[in-house]
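Subject: Structure for you to look at

Hello,

Here is the structure I promised. Please open it and keep it beside this email while you read.

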Amino acid sequence: MLRAQDAYGNLPARADVGPLSLGRNLHPMLPEDVYDRGPIVRGPHALVADVRIDNREEIERSLGIGTDDAARQCDAAILFEALIAWGSDALNRLTGEFALAFWDGQRRRLLLARDVLGSRPLVFHRAPDFFAFASMPSGLHAIPGVPYAVNPEHLAESLAMLPERGSGTFFKGVDRVEPAHFLEITETSMTSSRFWQPSRPSGKRLNPREYEEALRSVVDAATRAQLRGAGNTVAAQLSGGLDSSIVVTSAARQMPDRTIVAYTAVPRRGFDGPIPPGVLANEADRAAATAGLYSNVEHVIVENGEQSPLDLITRAFPYQQQPVPNPCNNVWATSICRLARERGATVLLIGNAGNLTATYYGLQWLPELLRRGRLVKLARMSLGARRHGFRWLSVGAQVVGPFLPMGLWKRLSARVTELRQYAPVSPALSAALERKAGERGMDFSYRPRRDPFALRLWSLTRFDNGICFKGILGQWGLSVRDPLADKRVIEFCLSVPDEEYLRDGVPRSLARRAFGDRLPAEVTNATVRALQSPDWYEGLEKDWTAIRAEIAQIARSADVETVIDTAWLEESAASWPATGWEREDVIMRYRHGLLYGLSVGHFMRRVAGTN
């Protein structure tokens, strides 16, 4: 099992305790990792963990561990003491990333758990005569008796963009521990429990300045904690938007004597193709303005090149062990990872969770004003949103959308609303997938919702990124870290009243006010959003012969028709448009449907052994 996962760490260690055999591969990332000796065994208890504790000092104080003792203990050792002292209650006291297996020999139970957003993966196989767990599916596939075969049901759900719910994975016989959950396994039972549930905003209100100061403080604390072990050179994604700009500037302020290499992805030089209305195709100038404010930020422009999305899907397969999501963006993301590794960086900072936390737009508050009859304030907020880049149609849809019957909303909406329009799923599965979508709160027309808190929490937990992040570590040696996904940041931002995010009708008002003195005006006051990979279709056209060949190979693979409508793929390839790349229906069919269909199909045939 360790050999099957050696891409993710090259320092193996193992230990046996009672009925268990425990092992780990270590990829050192933290200063305290020099003290990591592998699985911890003490008396009847044992622990193996993939962990970074971002509130270590707080945990150490609560446990009564002195500074000198703590300095000589790895994060797994601190986690072990927390579990001994508090049991499963320790999980909700942790901030950071973790996947763990804790054996309580006194009660003869095994505890498996993952952090609140599942940034570290943990999968398991349950058989009549044994139970096994591992970070990655390859660890389980090393065991005789664990099948190496795809899970058609999960693949179809992913192809339809359904939220990940339950324990299923892309492999048959391989289940996952869900984020923010722990499993308790005994000789006779297995139960899953959720250990984290953030609180809604309370009735107590702070003044606007206090919210601004609190947001700056919690983001800086999260960034500072996630820079532990980052070395002298830190890589970061830097777009022209607020999310990554906040992360990069916070890191620059925390590490004034070290270099932040900020990478900005842009389309190929000279690109002037069609893009959707009201978006920016190239973020280089905005990003450069941010980088220029800090002497320790080195700005690097990354142009989309000749690299084929299909080639990158092929190369990522042994590391990702799942279909590569969003293959178009994978082109520039891979280029950034390669450049960061060449610079010697081991940490890559991102800000992907920002839209749901620190830089939340706040427009979801508008229908609540309508429901309460606060029409004057609704008009003022709507006018402010219009002045800051939102079309009247978008504002109006946000206000009345939650109250319209679904049938009327679909008729009025300009969005692609039918699953078969953008997902090449087998026709036999369409009805079942539509039903599952409803059960999981998925609306293919994306009608605005009445409960913004529930929507944000639903969106935060929609995807499980653990295996993706571990794949990047294995392929590029980079630890991907998102300070805006820190548990403390999430909990604070969800506790802030919606009005603060739309104060004076300014979307993202709280982030603009809190970080305005750290960012250039063109970023803080931007009203036009940017588009990632606007030249995505050009890369596909350059690799057209290989794409047609891949579709043919997928169509010949065994059982692929149980998931993918290969006729849909072939028809899409045959009807490749010459224009209209800015239209949503074209983007959804080709950028999402065709490309992700290729990714899923490639995964299926590779697992089946078809070359």
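The structure holds 41 salt bridges. Keep in mind that this is a predicted model. Side chains of opposite charge can pair when their charged atoms come close.

Start with R42 and E81. Their side chains form a salt bridge, at 2.7 Å from N to O. R42 sits in strand β3 and E81 in helix α3, so the pair ties together parts 39 residues apart in sequence. R42 is partly exposed, at 43% relative accessible area. E81 is also partly exposed, at 23%.

Next, find E212 and R513. Their closest N and O atoms are 2.7 Å apart. This pair links helix α6 to helix α21, across 301 residues. E212 is buried, at 10%, while R513 is partly exposed, at 24%.

Now a local pair. R371 and E368 meet at 2.6 Å, N to O. Both lie in helix α11, three residues apart, which is about one turn of the helix. R371 counts as exposed, at 54%. E368 counts as buried, at 19%, because the cut-off for buried is under 20%.

There is also a salt-bridge network. It links D50, R52, D54, E97, R120 and K470.

Then look at the open sheet. Its five strands run in the order β15-β13-β12-β16-β17, with parallel pairing. β15 and β17 stand at the edges with a single partner strand each, so one side of each has no neighbour in the sheet. β13 and β15 pair over seven bridges. There, V261 has E298 in β15 as its bridge partner. Helix α8 lies across β13 and β15, at about 165 degrees to β15.

Best wishes

Definitions and conventions: Residues are numbered from 1 along each chain as its sequence is written. This is a predicted model: local features need pLDDT of at least 70, side-chain atom pairs count only at pLDDT 80 or more; totals for chains, interfaces and linings use all residues. Side-chain values use heavy atoms; hydrogens and water are left out. Two strands pair if DSSP finds at least two bridges between them. Helices (H or I, at least four residues) and strands (E, at least two) are DSSP runs, numbered from the N terminus. Contact means heavy atoms within 4.5 Å. Axes are lines fitted to C-alpha atoms, for helices over the stretch in contact, and angles run from 0 to 180 degrees between N-to-C directions. A salt bridge is a side-chain nitrogen of Lys or Arg within 4 Å of a carboxyl oxygen of Asp or Glu. Buried means under 20% relative accessible area, exposed over 50%, partly exposed in between (1.4 Å probe, protein chains only).
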